[in-house]
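Here are my notes for you on this structure. Keep the viewer open while you read.

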Amino acid sequence: MLVVTRFYAVLAAALLISVFGIVATALRAEPSQDFRTFVASLWPQAKAAGVSRKTFDAAFAGVQPDYTIPDLDIPGRPKVDNTGQAEFTKTAADYLSKGYLEKLGEQGKKFLAEHKAALERIEGLTGVDRYTLVAIWGRETAYGTYHPPNDAIRMLATLAYVGKRKEKFQEELIAALVMLQQGVPRSDMKSSWAGAVGLTQAMPTEYLKFAIDGDGDGKIDIWRSVADALAFTAKQLEGKGWVRGARWGYEVVAPAHADCSLEGPPDTRPIADWVKLGFKKASGRPFTKAELQSDAYLMMPGGAYGPAFLAAQNFRVIRLYNTSDLYALFVGNLGDRIRGEGEFVTPWKSFAQPKTRTVEGIQTRLQKLGYPMDKIDGKIGSNTRKQIGLYEKANGLAIDCWPSDRVLAHADARAAGR
Ligand code: CA
């Protein structure tokens with residue numbers, strides 16, 4: 001019996017392997033033909049951008065698409081349903097890990113001293129403060145200790161071929177070819193899956209627009225020269241509207257009568273008005289006159305379960321570098337730590353991260369009930385938190401601006417007319 005069972009087990013395994021083999025071969029062989037056609041179709045655009053045939057052919061030699069990149073849109077392939085997975089998103093407390101921020105902050109202080117002369121020059125040139133620049137370097141590659149493992153040409157070509165934003169990535173791919181044409185070594189084109197390169201992980205189109213020689217050696221090297229990489233980052237932030245001499249924002253303490261439904265960019269107002277409403281810096285220090293005149297919006301990435309922030313123009317600029325509230329907050333806070341401040345005064349409370357499905361469910365019901373919900377995406381952005389807060393307020397619920405099964409059940413009953 002045992003022998004027979006084992007025989008069937010072996011047979012089943014063999015069958016499984018051969019089925020996988022056929023599927024794998026099909027996946028490899030069939031799209032790669034189309035992929036070659038796709039690559040060939042890029043030539044006129046590359047040529048028009050000044051790329052030589054030699055550079056073009058060398059760039060794509062041996063390059064195959066990488067179907068393991070997240071978020072691809074491949075026809076005929078079943079969509080992966082990850083809407084039930086809580087781990088697909090990180091809580092603010094996890095993302096803004098105190099230990100990691102502390103470690104990067106301490107390292108950042110050393111690099112600040114080491115690159116003082118270059119940073120002063122870059123500050124003078126662009127107005128972007130040294131703390132933010134070092135923080136972006138720390139956030140992106142842990143000060144150059146993280147080496148992105150992928151081939152940028154392969155990543156960009158795959159995303160231009162079967163990604164969800166093909167046009168954007170085709171533009172990035174052409175820009176990457178232009179970088180090679182300008183003399184960037186092929187071996188330097190290493191990236192994360194999204195195709196960003198260099199010590200501060202920037203996209204090729206940004207490189208073509210903003211990269212400069214920061215250390216004055218006549219070359220641009222955003223892979224080995226910290227001064228070049230940080231000057232490039234500073235030029236990018238300057239180009240996106242950085243305000244010289246201003247902070248990204250401030251942790252604040254909200255007055256008892258205010259709540260999280262005031263959050264979000266549409267409620268931007270001068271800091272003086274926030275102060276009139278009773279908001280104070282969590283550090284206890286007063287706002288300066290210039291700060292009081294600047295505009296900011298309230299941001300509470302953990303709803304009522306964490307610190308509150310007033311996000312100023314430079315927060316928006318960092319957010320343009322990488323479109324995420326938590327990313328911008330990480331960089332802002334790390335910069336503050338490098339400056340010698342930055343400990344969050346209000347702690348993040350621990351709570352279960354809601355499932356994407358729960359968030360989507362609430363978004364759908366609130367939209368049906370007339371709450372302005374521009375996107376049904378399952379993500380807990382500032383508008384989603386705000387609308388939940390307004391819904392809770394209108395319905396006499398405890399106001400926490402946070403998606404939960406409690407809010408979903410309530411909104412579901414209301415939307416169904418119960
Ligand atoms: Ca240089």
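The numbered points below go from the whole chain down to single sites.

1. Before anything else: this is a predicted model, where local features need pLDDT of at least 70, side-chain atom pairs count only at pLDDT 80 or more, and totals for chains, interfaces and linings use all residues. Residues are numbered from 1 along each chain as its sequence is written, and side-chain values use heavy atoms, with hydrogens and water left out.

2. Now the overview. The protein has 18 helices and seven strands (DSSP runs numbered from the N terminus: H or I of at least four residues for helices, E of at least two for strands). Of its 418 residues, 47% count as buried (under 20% relative accessible area; exposed is over 50%, partly exposed in between, with a 1.4 Å probe and protein chains only).

3. Look inside next. The largest nonpolar core has 87 residues, and Phe56, Phe60, Leu96 and Leu177 have the most contacts inside it (such a core is a set of buried Ala, Val, Leu, Ile, Met, Phe, Trp, Tyr and Cys residues joined through side-chain atoms within 4.5 Å). Helix H8 (residues 152-162) gives the largest share of this core, nine residues. A second, separate core of 14 residues includes Phe279, Met300, Ala308 and Cys401.

4. Zoom in on phenylalanine 60. Leaving out residues up to four places away in sequence, phenylalanine 60 touches Arg36, Val39, Leu42, Ile153, Ala157, Leu173 and Leu177 (contact means heavy atoms within 4.5 Å).

5. What are the protein donors of the calcium ion? They are Asp213 (OD), Asp215 (OD), Asp217 (OD), Lys219 (O), Asp228 (OD) and Asp228 (OD), lying 2.3 to 2.7 Å from the ion. Donors here are N, O and S atoms within 2.8 Å of the metal (3.2 Å for Na, K and Ca); water is not among the atoms, so sites may look incomplete.

6. Aspartate 215 sits in the loop between helix H10 (204-210) and helix H11 (226-239), while aspartate 228 is in helix H11, 13 residues apart. Aspartate 215 is partly exposed at 34% relative accessible area, but aspartate 228 is buried at 0%.

7. Finish with helix H16 (residues 356-368). Its 13 residues should span 18 Å at 1.5 Å a residue, and its end C-alpha atoms are 18 Å apart, which agrees (the expected span is 1.5 Å times one less than the number of residues). The buried residues of H16 pack against helix H17 (382-394) and helix H18 (405-415).
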